[in-house]
Amino acid sequence: MKTSINQEICIGCGACVALCDAVYRLNDELGKAEVIPGADCSAAGCCKEAAESCPVGAITVEE
Ligand code: SF4
């Protein structure tokens, strides 16, 4: 399972980090979320929930 964040539309609200901090983190310099390099969505089991909770639909999760 792969995930990505469209930083063009991310507003840095932190919801994805709150729900899934094994995979997502905030980049303080950019004020945007990013995927932690090497993070494993399948193991973390929270990417879909994070994607559904993103207020701007910036998170993509692919099977
Ligand atoms: Fe950005 Fe969406 Fe994560 Fe909020 S939930 S920080 S808008 S990717």
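Ala, Val, Leu, Ile, Met, Phe, Trp, Tyr, Cys and Pro count here as nonpolar, Asp, Glu, Lys and Arg as charged, and the others, Gly among them, as polar. With that in hand, the shell around the ligand holds eleven nonpolar residues, two polar and no charged. This is a predicted model, where local features need pLDDT of at least 70, side-chain atom pairs count only at pLDDT 80 or more, and totals for chains, interfaces and linings use all residues. Residues are numbered from 1 along each chain as its sequence is written, and side-chain values use heavy atoms, leaving out hydrogens and water.

**The ligand and its cavity**
- The ligand is surrounded by 13 residues (a heavy atom within 4 Å), and the closest are C10, C13, G14, C16 and C54.
- The structure has one cavity of 30 Å³ or more.
- C10, C13, C16, A33 and C54 lie nearest the centre of the largest cavity, among 14 lining residues.
- That lining comprises twelve nonpolar, two polar and no charged residues.

**A look at V23**
- V23 sits in the loop between α1 (15–19) and β2 (24–27).
- V23 counts as buried because its relative accessibility is 1%, where buried means under 20% relative accessible area with a 1.4 Å probe and protein chains only.
- Leaving aside residues up to four places away in sequence, V23 is in contact (heavy atoms within 4.5 Å) with T3, E34, V35, I36, A39, D40, C41, A44 and C47.
- V61 is 38 residues from V23 along the chain, and their C-alpha atoms are 12 Å apart.

Technical notes:
Helices (H or I, at least four residues) and strands (E, at least two) are DSSP runs, numbered from the N terminus. Buried means under 20% relative accessible area, exposed over 50%, partly exposed in between (1.4 Å probe, protein chains only). On a 1 Å grid over the protein atoms alone, a cavity is a set of points where a 1.4 Å probe fits but cannot get out, and a pocket is an open set with protein on both sides within 12 Å along at least five of seven lines; lining residues have an atom within 4 Å of a point. Grid points are joined across faces, edges and corners, and a volume is the space filled by probe spheres set on the points.
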